[in-house]
Amino acid sequence: MIFHIGYLILVTATVLAAFGMIAGFVGGRQRNVKLTLSSYHAVYAMAGLVALAAAILWYALLTDRFEVAYVWNHSERALPVFYKFSALWGGQAGSLLFWLLILSGFSVAAAFFNRRRHWAIMPYVNAVMLGTSLFFAVLLVFAANPFELASFVPQDGMGLNPLLQNYWMVLHPVMLYIGYVGLAVPFAFAVGALLSKRLDNQWVRTVRRWTLIPWMFLSAGILMGSQWAYMELGWGGYWAWDPVENASFLPWLTATAFLHSIVVQEQRGILKVWNAALIWMTYFLVILGTFTTRSGVLESVHSFARSDVGPFFLVFMVIILFGFLWLLFKRLPLLRDEQAIESYTSREAAFMANNWLFAGIAFATLWGTFFPMFSEILTGDRISVAAPFFNKVNGPLFLLLILLMGAAPLLGWRRTSRQAFRKQFTWPLLVGAVTGVAIWLLYDAGYPAIGLAACAFAAATIVQEYVRGVQARRITSGESVPAAMGNLWRRNGRRYGGYLVHLGIVLIAAAVIGNEFFQQNTNVTLANGESVTLGRYEIAYTGLEPNRKVNHVEYGARLMIFDQESGKTLGSILPRRNIYDKTPEQPTSEVGLRMTLIEDTYVVLNGWETGGSTATFTMYINPLTAWMWIGGLVLVLGTLIASWPHPGRRRSEAADSVAYAVGSAGD
Amino acid sequence: MIKSRTNQIAIVLLVFLAAFVWLGAGPISAQDAPTAEPAGEVTLNDVNEVARDLWCPLCSGVRLDACELKACDQMKDVIAIKLAEGEDAASIKDYFIEQYGPQVLGEPPREGFNWLAWILPFVALALGGVFLWRQTARMMQPAEEMSAADPGSPPPGAEKQAEDDYARKLDEELAKYG
Amino acid sequence: MADLSDIRSETQDAPNTPDAQAPAPAPGMVVVWRAIFVGILLLFVVLLAWRLWDTNRSEHRASGMAPPFTFTTFEGETISLDDLQGQGVVVNFWASWCDPCRDEAALLEQAWRREKDNGIVFIGLDYLDQEPAAKAYLAEFGITYPNGPDLRSEAARRYGIKGVPETFFINSAGEIAQTVIGPIVNEAQMESYLAEIRP
């Protein structure tokens with residue numbers, strides 16, 4: 001009964017979203033206060049209905065109501081409560097509902113925080129958000145009903161995919177969805193600004209923060225996904241350029257480009273059309289990514305089971321693509337550049353180069369991801385496009401990007417004088433060159449030397465900027481170094497937070513280079529008590545430890561790690577295999593990991609003789625990997641600093657709206 | 001600025017040339033290239049050295065050395081046999097392409113239509129670069145050519161009045177409903 | 001990325017749009033470029049749609065007339081389906097790494113020995129497999145009917161198989177009479193299918 005109500009709620013939500021969307025568009029166009037208000041109320045009510053539907057599905061999952069087909073297929077009695085909770089996004093229909101839930105959350109946030117601002121734009125923002133909600137609600141009602149009932153009441157569920165039973169896998173999709181879905185907000189603002197012709201800097205400023213926050217979640221989600229792949233999939237890597245991974249990476253690329261080019265628009269009033277196009281592409285790539293992972297058009301290990309959602313997505317994509325394009329063409333006359341670019345050696349030129357590279361990488365990634373499809377349609381041959389292709393094509397582009405990242409902050413707006421050029425570039429270039437030569441001499445490896453030199457150059461730029469900023473504060477106000485640093489972040493968060501984000505990216509890049517070029521690995525079968533030498537370590541196998549868990553058995557192989565030279569014990573690790581009761585033919589792997597700042601010792605248990613008298617391992621030494629996760633933390637911290645409301649700015653925004661209210665009241 | 005356009009285009013071309021050289025060379029591994037097999041024993045490490053460049057044909061996006069399917073183990077067995085017979089990595093790769101088609105490569109084979117996969121990203125980047133360059137060059141023209149005022153913009157008068165009315169009403173209503 | 005506070009605050013007025021950029025491109029060219037851009041997007045969507053349709057279609061296995069194929073057996077003999085016109089053909093897709101295939105291997109061989117003089121040919125197509133392992137498998141079950149690798153999975157794709165084992169029973173007119181997904185478990189089942197294709 002309650003599940004029928006759940007379905008009914010979804011149907012109601014569909015109707016409501018349709019109504020709210022129309023109310024928003026019409027209300028915005030006719031400046032009709034009642035309809036505009038209706039669109040706000042529809043946003044709030046929609047969120048309530050969706051939350052209720054999600055609550056019902058959660059209830060079904062947590063109370064083992066296997067008569068619901070979704071619960072039957074994605075849960076089981078013995079599943080730990082934590083994973084029952086996360087099973088909501090473990091399958092097709094549930095994850096679509098989860099998408100909708102997050103989207104509703106963002107709609108409410110966007111409507112609520114801007115209810116006193118952007119009065120001309122907001123009805124359209126509500127309409128676009130509700131339009132997207134409408135699409136997902138239609139999917140749930142017509143193609144993927146999470147409340148569908150089985151024809152009988154099964155005794156137990158089929159269990160959650162074992163690969164998903166990992167805490168990273170619980171957290172990572174949530175982060176990714178928040179980032180992914182949140183990118184609908186800037187799109188809604190762009191549509192609103194274009195429709196209402198309010199194309200000044202107001203919406204641009206608002207939209208920057210609404211992009212920055214989803215961007216942060218998307219970045220964190222991507223990194224957590226890498227972490228999961230690194231710990232669970234056991235092939236010694238963290239990123240495989242799989243279509244589903246690319247699906248999350250593509251909007252990240254265009255959103256990053258947007259976050260940069262929007263600064264140029266703010267400062268110089270140029271690139272307006274390009275910015276609108278970037279938001280549009282980002283949103284389109286979000287929907288395209290959701291489509292590809294759910295329709296089976298591309299093969300991937302991470303795909304959902306095939307279902308009938310494909311045609312709906314196609315229609316929606318056509319609407320997004322051509323609807324927005326039509327609007328953009330119509331508004332082109334209002335999007336003229338206000339100022340000119342004056343020099344190639346200016347900050348705005350560097351930003352344009354940045355966008356050029358990001359767009360290039362995004363295109364190459366999109367092209368490579370879909371190339372197997374084109375190739376099969378046109379030649380009939382099945383090919384796979386994986387890491388070798390993407391590394392070769394995107395590798396050099398990323399190198400250029402890092403160089404640019406080092407150079408851009410050193411350039412001034414408008415133009416850079418020769419004198420400033422020398423003053424700015426000397427130290428960073430020197431640091432980069434020294435690093436490159438040192439690595440080349442030490443390891444006799446050309447590509448990593450170039451890559452790490454670029455990283456060092458970019459890092460040196462950031463350090464130099466910080467040193468100058470702190471010095472300036474100390475001279476003017478005599479603050480201590482930490483206080484000066486804090487004030488830089490507080491008062492100039494956009495700039496200095498942005499540098500922190502750059503630093504995070506540099507650290508991640510260094511980790512990637514270390515892994516790509518200096519990884520060592522070996523395959524061994526060890527008898528109990530035997531050991532093997534790998535890199536600077538001696539690794540000894542000391543026996544198998546089985547361990548019964550609720551819904552699976554854990555087999556761990558104890559390994560002791562010694563320093564090869566001194567013989568000192570460095571630690572012990574326990575690579576494991578989990579054999580699940582429901583899916584014994586699909587064992588999962590937990591790698592044994594000893595992480596240090598220099599390198600990770602990473603061991604996969606491949607198999608063992610009965611009782612563990614011998615066991616087979618794949619062992620890797622992964623240099624610098626820890627810096628990928630540290631870089632991720634730095635990136636998140638930097639984003640938070642960059643998006644934190646500026647004390648002075650908040651006041652001025654408040655003042656703005658007061659002035660506006662007074663002004664309009666006085667009219 | 002524009003007079004030096006040819007120079008600039010030459011630089012762009014150079015960058016792409018460098019990119020193609022990179023493509024041709026392929027990234028090197030810090031480890032030594034697959035060791036030439038003396039007649040001795042073939043270890044699992046030797047097999048995986050070859051398997052690292054192959055992709056499991058049954059899975060999607062799983063490298064052969066990391067694949068745990070029985071079918072993959074059999075492929076590795078064949079690699080071991082062929083290595084013991086003295087074949088080198090390239091001819092083993094060719095054998096698998098013959099057997100399973102180009103999907104074992106993990107990248108488009110550089111032939112026929114599939115060349116497009118490699119070329120188009122760089123062509124698109126180059127076209128984008130040229131477009132950007134021209135746009136920038138146009139914007140860099142002397143500033144006096146750009147007049148400040150826009151005769152075409154709508155006059156603020158009556159429309160603004162209506163908009164302000166609407167804004168005030170909306171504010172009032174919103175205040176009522178919260 | 002200087003701070004916001006030092007940017008001039010803008011009014012709520014409609015944007016101040018300066019004059020057109022000096023040498024604007026000819027309007028004709030703009031239309032052409034727009035058309036090209038829209039055309040590429042359209043092409044992309046059409047390809048996606050086509051692929052989606054094709055993916056759903058290839059969900060279905062071959063039916064009606066049996067798709068032709070040619071293969072070379074492990075012994076080096078080349079066999080083409082076209083050459084077998086007028087006979088009943090049993091095409092079995094298998095692989096040595098496939099455990100369920102083992103359940104039907106003996107039964108297939110048994111049936112072949114009984115039927116080979118009744119105008120029925122058995123063919124084994126080895127799917128994504130390796131010769132040493134495959135030969136060991138054939139020896140293990142003493143299989144004597146023609147078997148060979150399905151190179152580049154060409155036959156497998158034409159027949160639209162989803163896994164192994166799958167078996168297609170083709171009658172003397174070249175039509176697929178029966179399709180069995182998974183192993184053929186008992187003699188009665190085998191007998192009823194063979195009866196349909198006996199010439």
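Residues are numbered from 1 along each chain as its sequence is written, and chains are lettered from A and ligands numbered from 1 in the order in which they are written. As the model is a prediction, local features need pLDDT of at least 70 and side-chain atom pairs count only at pLDDT 80 or more, while totals for chains, interfaces and linings use all residues.

Chain C holds five helices and seven strands, where helices (H or I, at least four residues) and strands (E, at least two) are DSSP runs numbered from the N terminus. Read from the N terminus, its elements follow the order α-β-β-β-α-β-α-β-α-β-β-α. Of the contacts in chain C with a separation of 6 or more, 74% are between residues 24 or more positions apart, two residues being in contact if their C-beta atoms, placed from the backbone, lie within 7 Å.

Between chains A and B, 57 residues of chain A are in contact with 50 residues of chain B. Among the elements that give two or more residues to the chain A side are helix H2 (33–62), helix H14 (387–407) and strand E1 (520–527), and the largest share, 13 residues, comes from H13(A). The classes found here and in two other contacts are set out below; Ala, Val, Leu, Ile, Met, Phe, Trp, Tyr, Cys and Pro count as nonpolar, Asp, Glu, Lys and Arg as charged, and the others, Gly among them, as polar.

| H11(A) with H12(A) | 15 residues | two residues | no residues |

Within chain A, helix H11 (residues 272–295) and helix H12 (residues 310–331) pack at an angle of about 175° with their axes 10 Å apart, the axes being lines fitted to C-alpha atoms over the stretch in contact and the angles running from 0 to 180 degrees between N-to-C directions. H11(A) is therefore roughly antiparallel to H12(A), a term that applies to angles over 145 degrees. Residues of H11(A) in this contact include Trp280(A), Phe284(A) and Phe291(A), and those of H12(A) include Phe313(A), Met317(A) and Phe324(A).

The domain assignment, which is automatic or from a database, gives chain A domain 1 (1–165) and domain 2 (520–626).

Four strands of chain A form an open, antiparallel sheet in the order E1-E10-E9-E8, strands being paired if DSSP finds at least two bridges between them. E1 and strand E8 (592–595) stand at the edges with a single partner strand each, so one side of each is left without a neighbour in the sheet. From one strand to the next the twist averages 20°. Strand E9 (residues 599–608) and strand E10 (residues 614–623) of chain A run antiparallel and are joined by nine bridges, with Trp608(A) opposite Ala615(A) in E10(A).

Strand E2 (residues 531–534) and strand E3 (residues 537–548) of chain A also pair in the antiparallel sense, over four bridges, and Ser531(A) stands opposite Ala540(A) in E3(A). These strands form a hairpin with two residues between them, and Gly535(A) in the turn has a positive phi of about 60°.

Methods:
Angles under 35 degrees count as roughly parallel, over 145 as roughly antiparallel, 65 to 115 as roughly perpendicular and the rest as oblique.
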